[in-house]
Amino acid sequence: MRPAHIALAALVTAVWGVNFVVIEVGLDHFPPLLFSALRFLVAALPAVFFVGRPKVHWKWIVGVGLALGVAKFGLLFTGMDLGAPAGLSSLVLQVQAVFTALFAFVALGERPGRIKLIGMGVALAGIAVAAVDEASAAGGASGALTGFVLVIAAAVCWGVSNVLTRKAAPPDSLNFMVWVSTVPVLPLLGLSLLLEGPERDLDALRALDWTGAGVIVYVAWITTVFGFGAWGWLLRRHPASSVAPFSLLVPVFGMSSAALFLGESISPLRWCAAALLVGGVALTSVRRTAAPRRGEVRDVQEEREARVLVPTSNGEPAA
């Protein structure tokens with residue numbers, strides 16, 4: 001990769017890492033489900049009028065929209081609203097790679113090799129260490145521990161959406177992400193009215209200020225439109241194996257920005273959890289491919305699937 005392309009990949013992962021701090025700020029302005037609905041509404045409009053028609057079947061757009069937009073982001077935002085720290089959330093979401101590998105084995109028959117199984121075990125050990133650290137930090141507070149569990153549940157839902165995305169094999173990641181963003185808006189608004197109440201939602205909208213508007217713009221346009229536009233651009237010019245490892249920088253930026261801007265402390269135990277999780281995910285993400293023989297042409301569908309990443313722990317899907 002050229003230095004400029006490396007810098008772009010690092011910039012995207014920084015944007016996705018800082019996204020967790022921005023989410024934390026946004027939760028001070030909006031109820032979590034309403035916040036998530038607004039994020040997808042602004043991500044979809046007006047971009048949906050400029051990206052062209054969907055390039056995959058609607059069943060995949062709806063499936064990913066529900067699994068990713070409603071379930072994953074609804075659980076993530078709610079978990080953080082209940083007290084799961086931004087930095088820890090950026091780290092714990094990395095375990096999505098383990099759930100993706102498990103679901104890919106069940107749904108796609110992709111049997112994990114020995115190295116991948118070791119990586120899954122190491123990553124799960126990291127989750128256990130993070131759970132012990134969070135329980136110690138929470139001091140028995142049920143809200144923070146419930147939030148931690150919801151973030152793990154969000155990672156499970158992300159694994160489901162990754163497998164659906166793999167099956168869809170979208171040729172244009174930005175087009176796919178914009179159309180996926182149209183799906184969760186109404187379900188999330190309905191859940192918000194039901195669970196958070198119309199009065200709380202109206203109060204949040206009436207109190208909208210420049211900070212609240214800036215948060216929505218960041219999570220919708222910067223992390224989604226710019227982030228996935230740039231990521232897809234890099235994937236069209238470089239092998240997935242060259243681009244994917246940059247996603248491991250997301251929790252680094254997430255934890256460091258949370259410490260810098262939110263004053264979150266990073267205990268030695270959390271550093272240990274981070275090392276185990278990132279190392280385990282790195283092993284889980286290893287893709288062993290045999291070099292093609294002379295004259296052998298790689299199958300087009302296989303090439304498309306190789307470019308459907310299972311990336312980032314940014315609070316963003318991989319497409």
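Reader: What volume does the largest cavity have?

Author: This is a predicted model, in which local features need pLDDT of at least 70, side-chain atom pairs count only at pLDDT 80 or more, and totals for chains, interfaces and linings use all residues. Residues are numbered from 1 along each chain as its sequence is written, and side-chain values use heavy atoms, with hydrogens and water left out. Rolling a probe the size of a water molecule over the atoms shows where empty space is left. Here the largest cavity has a volume of about 30 Å³, and the structure holds 1 cavity of 30 Å³ or more. A cavity is a set of points, on a 1 Å grid over the protein atoms alone, where a 1.4 Å probe fits but cannot get out.

Reader: Which residues line the largest cavity?

Author: The lining consists of Gly-87, Leu-88, Met-255, Glu-264, Ser-265, Ile-266 and Arg-270, lining residues being those with an atom within 4 Å of a point. By class, this lining has 3 nonpolar, 2 polar and 2 charged residues. Ala, Val, Leu, Ile, Met, Phe, Trp, Tyr, Cys and Pro count as nonpolar, Asp, Glu, Lys and Arg as charged, and the others, Gly among them, as polar.

Reader: At what angle do helix 2 and helix 3 pack?

Author: Two packed helices are described by the angle between their axes and the distance between the axes. Helix 2 (residues 32–44) packs on helix 3 (residues 58–81) at about 135°, with the axes 8 Å apart. Helices here are DSSP runs (H or I, at least four residues) numbered from the N terminus; axes are lines fitted to C-alpha atoms over the stretch in contact, and angles run from 0 to 180 degrees between N-to-C directions. Helix 2 and helix 3 are therefore oblique to each other, given that angles under 35 degrees count as roughly parallel, over 145 as roughly antiparallel, 65 to 115 as roughly perpendicular and the rest as oblique. Their contact (heavy atoms within 4.5 Å) includes Phe-35 and Arg-39 of helix 2 and Phe-73 and Asp-81 of helix 3.

Reader: How are helix 2 and helix 9 oriented to each other, roughly parallel or roughly antiparallel?

Author: Helix 9 (residues 185–196) and helix 2 pack at an angle of about 160°, their axes being 8 Å apart. The two are therefore roughly antiparallel. Among the residues in contact are Leu-34 and Leu-41 of helix 2 and Leu-188 and Leu-195 of helix 9. This contact comprises 11 nonpolar, 2 polar and 1 charged residues.

Reader: What does helix 9 meet in helix 10?

Author: Helix 9 and helix 10 (residues 198–206) pack at about 115°, with axes 6 Å apart. That makes helix 9 roughly perpendicular to helix 10. Ser-192, Leu-193 and Glu-196 of helix 9 meet Pro-198, Arg-200 and Asp-201 of helix 10.

Reader: Which peptide bond is cis, and where does Ala-169 lie?

Author: Most residues other than glycine have a negative phi, and most peptide bonds are trans. The bond from Leu-45 to Pro-46 is cis, with omega near 5°, and Pro-46 is placed in the loop between helix 2 and helix 3. Ala-169, although not a glycine, has a positive phi of about 45°; Ala-169 lies in the loop between helix 7 (142–168) and helix 8 (173–182).

How values were computed:
1 Å grid on protein atoms, 1.4 Å probe; cavity = no way out; pocket = protein on both sides within 12 Å on 5 of 7 lines; lining within 4 Å. Points joined across faces, edges and corners; volume = space filled by probe spheres on them.
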